[in-house]
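Me: I am new to this structure and would like to learn how to read some of its features. Please show it to me first.

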Amino acid sequence: MGKEEQFGRQLTAWYAEGHRDLPWRSAPGAYEVWISEIMLQQTRAETVIPYYRRFLALFPDVRALADSDETELLKAWEGLGYYSRARNLRRAAREIEERYGGELPASVAELRRLPGIGDYTAGAIASIAFGVPAPAVDGNFERVWCRYFGIGKVMDPEARKQLARDAEDLVPRDNPGAFANAVMELGATVCLPRSPKCGQCPLAGECSAKAQGDPEALPVKPKKKGQRVELRSQMLVFGRQGVLLCRREERLLQGLFVFPDREGDLTPEQMCEALEEMGVPAAYEEALGPARHVFTHIIWEMRIHAFRALEDVPAPEGALWADAGTLSALPLPSAVRAAKELALTRMSRG
Ligand code: SF4
């Protein structure tokens, strides 16, 4: 048996012996696999579990998701981040309703054409839900593969494409779903990015990286571009009817609610001017503290300030005055969680 074949055989046998009991594995319909795979992007399984359960209770099938209200959908996603994933799920659900009568298609090519589904997710759904021998190449796969075969080249986009092509020959024809799950499981529990547990690994006997003595050195990642730090001033404006929230429409935060904010570390006068321009004259009260949020390419260093609305003005277009209940019920991005807690604390004091 060649090393490639051994890779698949040993992994699936190891997976069959026992693995984590994750809720999406007990009912692996295509819908469940799809939702779980989208949630698992950039997010650990333990974090995903309660979200997954709640999401399935609210939107149990493609139709419920296609018909969902955007605010309710984003609220169900609150805390998971990368909200475009939730919006794409709904867009894809509508396409699945229209084009495929509410059933996810089984082919990688058709899955790939749906919003939010890339090569990895299409491969995972096709192999796990439909038994199609398609590779699902993600960070776990790349790590296990590079280490096992001792591949030391830089994993740039071109090397990744090549890896995806090579992986096609590696998927066992008889059990592609178990293979996809096995790679994920090994990458998440044994072949970890730091301190891999080679002593517990079914591949240890043939693993090149282990034999070379430094598995952590692989895969070789391209150098990361530095994250940009952005200063932001957040304004919590309290009025008779609550705190001012604005609904954002730009791509990243679309449909989410945030407090008025501006780029830069603004003075109280500058912030009062900004609020005046919005049509909400307000008096500066105090600085409530700093907060920090790390996105993939950018870090927000925030300064949070409190204001008191001078008049009983109606909320400007696209904004609303939110009492504590509304503030808790609306979807807000994680980046403003600290500001939300400060607003709730202040409102509870009256
Ligand atoms: S032996 Fe170690 S480095 Fe190699 S695949 Fe297993 S856990 Fe990863």
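Me: Which residue is the bridge partner of Y284 in β6?
Reply: F307 is the bridge partner of Y284. Before going on, note that this is a predicted model, in which local features need pLDDT of at least 70, side-chain atom pairs count only at pLDDT 80 or more, and totals for chains, interfaces and linings use all residues. Residues are numbered from 1 along each chain as its sequence is written.

Me: How many bridges join strand β5 to strand β6?
Reply: Two strands pair if DSSP finds at least two bridges between them. Strands (E, at least two residues) and helices (H or I, at least four) are DSSP runs, numbered from the N terminus. Here 11 bridges join β5 (residues 282-294) to β6 (residues 298-309), and the two strands run antiparallel. A hairpin of 3 residues connects β5 to β6.

Me: What describes two packed helices?
Reply: The angle between their axes and the distance between the axes. Axes are lines fitted to C-alpha atoms, for helices over the stretch in contact, and angles run from 0 to 180 degrees between N-to-C directions. In this model, α3 (residues 30-40) and α4 (residues 45-58) pack at an angle of about 140°, with axes 10 Å apart.

Me: Which residues of α3 and α4 make the contact?
Reply: Residues are in contact if their C-beta atoms, placed from the backbone, lie within 7 Å. From α3 come I35, S36, M39 and L40, and from α4 come A45, V48, Y51, Y52, F55 and L56. By class there are 9 nonpolar, 1 polar and no charged residues. Ala, Val, Leu, Ile, Met, Phe, Trp, Tyr, Cys and Pro count as nonpolar, Asp, Glu, Lys and Arg as charged, and the others, Gly among them, as polar.

Me: At what angle do α9 and α12 cross?
Reply: The axes of α9 (residues 119-130) and α12 (residues 176-189) cross at roughly 125° and come within 6 Å. That makes α9 oblique to α12. A124, S127 and I128 of α9 meet P176, G177, A180 and N181 of α12. This contact divides into 4 nonpolar, 3 polar and no charged residues.

Me: Which residues around the ligand come nearest?
Reply: A residue is near a molecule if its C-beta atom, placed from the backbone, lies within 6 Å of it. Of the 14 residues around the ligand, C191, C198, C201, C207 and P215 come nearest. The shell has 12 nonpolar, no polar and 2 charged residues. Its largest share, 3 residues, comes from α10.

Conventions
Contact = placed C-beta atoms within 7 Å. Parallel < 35°, antiparallel > 145°, perpendicular 65-115°, else oblique.
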